[in-house]
Amino acid sequence: MEHTTVVVVGAGAAGLAAARALTADGIDVVVLEARDRIGGRVLTHHGVNLASPVELGAEFIHGAAPELDDILSDAKLSAHDITGCRWLAKDGRLTKADDFWDQIGRVLNKLDPKKKSDRPFGEFLAAKPGGRRLARERKLTHQYVESFHAADLALVSERVLAEDGNPGDDARERRIGRLTAGYDAVIGHLAANLADRVRRDSIVTRVTWRPGRVTTECRRPDGSDRAVIQARAAILTVPVGVLKAPAGEAGAIEFVPDIQPKREALSRLAMGTATRLVIHFKERFWADEWVARKTGIDDLDELSFLHSGDPNFPVWWTAYPLRTPTMVAWRGGPGARELDELSEGALAERAVRGLAKQLGLPANRLLRLIEGVWHHDWTHDPFSRGAYSFQMVGGVDAPTEMARPLRNTLFFAGEAFDPEGRTGTVPGAIATGQRAAAQVKRSLRRGRRSRR
């Protein structure tokens, strides 16, 4: 048996941020990571023929992100804002959507943030707020909530979206950016001083605990046992889907005794589903003269986001303002589950044929331009069990409840447990890791004082 002061389960952004904060204060830490890599749902691919990184997990910086800004400054990393134009496409007809935020705002502004009762957001839309006048805006808002929140509209909370789901007229909250070097550069910086404290290929199977003591059992991917680790506290940073997984399933963790006081809050949190397909083309075809002639539009070269009526991949985006021939096809919400059953090749063909139809372009010509395709199935990944979290009906306070320690021994961190409304984001995950580390430090100090 190995002994340490704190065991951190999960080497994603939250776990690494927590471990970094603890080790900075000289606290002994062991980080257990189930995968053979660090980063969790940050997964960046770099290729010799790629001018920019390919993100298969987290990609964007949404709104203000002070915790991330501190890391970028410390690590000398750069980020850039996404500029360019949004377009709407339907069966070959394209229109600019420069007023995208205003359109969805006309619907989301009808939500009442002071309302105490709750219901699924889908019921709010079904009531047709704004009547016939906002029919088009409601369709766009439906797509936005499914895509941006990866949420099932029959489950996601109206109250949560009323409080935190509308950027309104705040220019900072509307802003979207990217890490120029890729999100894995942030992960690398968080892990830089952790050295051999991170144990990869360590799949935690059981956590036995009582106040002031935690014993973790884990195994290797081949099923063989790894060393049992005993600590005074544990920070659990695994996704909601893993915490809710039934005992015995791949990736599930058995708690002895069970974390029953947290089960009610967990029952009001869900893992959203999303399918992301990154396609690298031989050229930026949307900026070519032949496409301008075909569509009658000569400024598609500044395309950033494309919203369409395609039933499979209704949202696309480019790397703009970087001029690289890469596009991302995206489907969020329940419809992503069916797509994740398909092979990468089948996904690529379905996506590009759908894109060609919406742009009014010949599908076979676009298919011949494909040079590379990348996809990670987060839905069936046993260590994520979904893309990122959303709050279901009645779940407005669930992140706050999960942020409270259990008997000052088990601490919870991760994007789902940010009380500040940044769920589903890397900055939110980092903030929760730092918060959990601060809670552990206070608990350890109180423990030392009580023994004097």
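Student: In what order do the strands of the open sheet of seven strands stand?

Tutor: A strand is a DSSP run (E, at least two residues), a helix likewise (H or I, at least four), both numbered from the N terminus. Two strands pair if DSSP finds at least two bridges between them. In this predicted model, the order is S9-S8-S19-S20-S21-S18-S22, and the pairing is mixed. Strands S9 (93-96) and S22 (370-374) each have a single partner strand and stand at the edges, so one side of each lacks a neighbour in the sheet.

Student: On what basis are such features reported?

Tutor: Residues are numbered from 1 along each chain as its sequence is written. Local features need pLDDT of at least 70 and side-chain atom pairs count only at pLDDT 80 or more, while totals for chains, interfaces and linings use all residues; side-chain values use heavy atoms, leaving out hydrogens and water.

Student: In which sense do S18 and S22 pair?

Tutor: Strand S18 (residues 274-281) pairs with S22 in the antiparallel sense, over four bridges. Within S18 and S22, Val278 stands opposite Trp374.

Student: Which residues of helix H2 are buried?

Tutor: Buried means under 20% relative accessible area, exposed over 50%, and partly exposed in between (1.4 Å probe, protein chains only). In H2 (residues 66-75), the buried residues are Glu67, Leu68, Ile71 and Leu72. Seen down the axis of H2, they fall within an arc of 135°, so they line one face of the helix; the arc is that of the directions from the helix axis to the C-beta atoms. Asp70 and Ser73, on the other side of H2, are exposed.

Student: Which residue follows H2?

Tutor: Lys76 follows H2, and its phi is positive, near 60°.
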